[in-house]
Amino acid sequence: MKPPPFTYHDPRSIDDAVALLAEKDNAKLLAGGQSLMPMLNMRFVLPDDVIDINRIDDLSYIRDEGDALVFGGMTRQRDIEFSDLVAQKIPLMKEAILNVGHRQTRNRGTYGGSLSHLDPSAELPTVSMAQDAVVSVRKKGGARDIAMADFPMGYMMPSFDLDEMVTDIRVPLWPEGHGYAFVEFARRHGDFAITSSAVLLDVADGGRIAKASVTVGGVGPAPLRVTAVEEGLAGETGSAELFTDVAEKCREIDAMEDVYAPAWYRQHLAAVLTRRALAKAFSRAANGTEMTLR
Amino acid sequence: MSDRRTISVTINGETFERNVETRLTLADFIRHECLLTGTHVGCEHGVCGACTILLNGQTARSCLMLAVQADGQEIKTVEGIAPNDQELHPLQQAFQDNHGLQCGFCTPGMLTTLLEFLENNPDPTEREVREAISGNLCRCTGYQGIVAAALDAAKRLQAGA
C-alpha cells in the first residue's frame, strides 16, 4: 500500500471541515487529489488525518456577480474549461486552463486545490494573480479575504493558516474588449511550465494602453506581477518596439534555479514569452491592432 | 489500528462491497479487492495514465483517488468496454486492426481516455487525438498506431459500426 497510514474523514459541510481542521494537528485537506495523492503515494507528506472535502455539496459553482465571477473552492478545472461564462468573461483563464495537466487530471483537479498547493508555475495561481483575484478562507469561528498579492508567502506556501481552508475565489472582470494572452513554455504538453506569461491589456482609442497587467509564472517562488513592465506600458501607444523594449525588463527579475533550468534561462523565457503575450493580447483587444512578435 | 471502512462500488454494472483500509488507492481496490486486473498500475503518481478509469462517465486516474472516495459511485474499467464476450467495442477493434498496441500495458488507459474523448469529440483531427492522449505514456508503439486507431474508431463509431 503506497499512502502512509492516516485517519480518513469526509465531512459534509464547511463547518464540519473547519471544525476538524481546528481539532487535528497534522491534517491535510484532500480536494481534487491531483497533487496530494502523488505526494501521499511517494510519502512526501505524512498526515495523521486526511480531510476529504469532495462530499461537501456547496463548494462547487461559478457565479456571475456582474463585476466579478466567483468560483467555489472545489470547482473542478473541467468545469472551468467548459464554462461559457469563463470563456466569455475571463478569456485569459480559458486559454490558461487548457495547459493544466490533461483531461483525466482536469476532471478531478480543483481551483482551490491549485491555489492551496501553489506550485510556482501552476496556471490557475498565475491567472489569479493577473486578474487580482481575492481568495476567501474560512476557519472555525471566522472568515477572511486575502488579496492575491498577499496570498503567496513563499515557495509553495500560501499565507493562510493551517486551520483555514479556501472556500471561494472572487475574480474581478476586465472591461469588455480587453486584450488577453497566456503563453507558456513546457517541455511536453500538460507538464508544469518552466515559465509562463499572462498579460491583460485595456486598450483605449488609438491603441493607447489604459491599463496593463503582466504576470510571470515559474520564475520566482510564486507567480509574480512584473510592475516594471506594467509601468512601462501605462499611457503608451501599443507597438512592436514598445512591447519588445518593455518585455526586456523581465531579465531583471530575481529568478529561481533548479535542475530544469538555470536562472538566466528563466529570465530569458520571461522576456520572450512576455513579448509574445503582449503582442497577442494587443491583437485581441477591441482597440488594438494585429501583430505577431517572435 | 488501521482506519477501515465498508464501501460499495459499482464496477461495470456489478456491485462490489468490501471492507478496506481508507488509505487504499482506487487502483489497488479495483485490482486486489475486485480482482479486475485489466486496469494497470504504472507510475502510481499520476503521470503515466495506465490506471485511467471512467468515474461516473468521466476519466480519472485511479491511482490518484482513494477507494473510499468511490463509495456509492459508478466505475467503468477496460473490462466493461466490450459489449459482450464475443465482440470487441469498435474502438478496441480499431486498436487491433491498426496495431494500436504491442505489449498492451498502456492500452486500458488509452481506451478509457479515448472513449470519453470520442464521446465529446466524435470527429477529431489528428492533432486533437495526440493532445487527448498526451497524458498517457506508451513505450512501444511510438503512438502512430494509437493515433491511427483513434481516427479509425471515430469513423467507425460515426458510421454506427
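This is a predicted model: local features need pLDDT of at least 70, side-chain atom pairs count only at pLDDT 80 or more; totals for chains, interfaces and linings use all residues.
Residues are numbered from 1 along each chain as its sequence is written, while chains are lettered from A and ligands numbered from 1 in the order in which they are written.

**View 1. Chain A as a whole.** Chain A holds eleven helices and 14 strands; these are DSSP runs, numbered from the N terminus, with helices being H or I of at least four residues and strands being E of at least two. Its radius of gyration is 19 Å, close to the 19 Å that the globule rule gives for 294 residues, so chain A is as compact as a globular protein of that length. (That radius is taken over C-alpha atoms, and the globule rule is 2.2 Å times the number of residues to the power 0.38.) Along the principal axes, the C-alpha atoms of chain A fill a box of roughly 60 × 45 × 30 Å. Of the 294 residues, 53% count as buried. Buried means that 20 or more other C-beta atoms lie within 10 Å of a residue's own, exposed means 12 or fewer, and partly exposed is in between, with C-beta atoms placed from the backbone.

View 2. With 11 C-beta neighbours inside 10 Å, A:Arg12 counts as exposed. Leave aside its neighbours within four places in sequence, and A:Arg12 is in contact with A:Arg55 and A:Ile56. Contact here means that the C-beta atoms of two residues, placed from the backbone, lie within 7 Å. A:Pro158 is 146 residues from A:Arg12 along the chain, and 25 Å separate their C-alpha atoms.

**View 3. Domains 1 and 2 of chain A.** Chain A splits into domain 1 (7–51), domain 2 (60–172) and domain 3 (179–284), with bounds that come from an automatic or database domain assignment. Taken over C-alpha atoms, the centres of domain 1 and domain 2 of chain A are 19 Å apart. Their contact takes twelve residues from domain 1 and 16 residues from domain 2. On the domain 1 side, helix H1 (residues 14–23) of chain A brings the largest share, six residues. That side has eight nonpolar, four polar and no charged residues. In this sorting, Ala, Val, Leu, Ile, Met, Phe, Trp, Tyr, Cys and Pro count as nonpolar, Asp, Glu, Lys and Arg as charged, and the others, Gly among them, as polar.

**View 4. Where chain A meets chain B.** Here 24 residues of chain A are in contact with 27 residues of chain B. On the chain A side, strand S1 (7–9), helix H2 (36–41) and helix H6 (103–106) are the elements that give two or more residues. By class, the chain A side has eight nonpolar, twelve polar and four charged residues. Over in chain B, B:Asp3 sits in the segment before strand S1 (4–11) of chain B. Not counting residues up to four places away in sequence, B:Asp3 touches A:Phe6, A:Thr7, A:Tyr8, B:Glu21 and B:Thr22. B:Asp3 counts as partly exposed, with 16 C-beta neighbours inside 10 Å.

**View 5. The two domains of chain B.** Chain B is divided into domain 1 (4–80) and domain 2 (90–158), whose centres, taken over C-alpha atoms, are 22 Å apart. The contact takes 14 residues from domain 1 of chain B and twelve residues from domain 2 of chain B. Strand S3 (52–55) and strand S4 (58–61) of chain B each supply at least two residues of the domain 1 side, and S3(B) gives the most, with three residues.

**View 6. Helix H1 of chain B.** In this helix (residues 26–33), B:Leu26, B:Ala27, B:Asp28, B:Phe29 and B:Ile30 are buried. The buried residues of H1(B) pack against S1 and strand S2 (14–21) of chain B. After H1(B) comes B:Leu35, whose phi is positive, near 55°.

**View 7. The largest nonpolar core.** This core has 133 residues, and those with the most contacts inside it are A:Leu92, A:Val199, A:Ala281 and B:Leu114. Helix H11 (residues 263–284) of chain A gives the most to this core, with ten residues. (A nonpolar core is a set of buried Ala, Val, Leu, Ile, Met, Phe, Trp, Tyr and Cys residues joined through C-beta atoms within 7 Å.) Not counting residues up to four places away in sequence, A:Val199 touches several residues, including A:Tyr180, A:Val214, A:Leu278 and A:Ala281.
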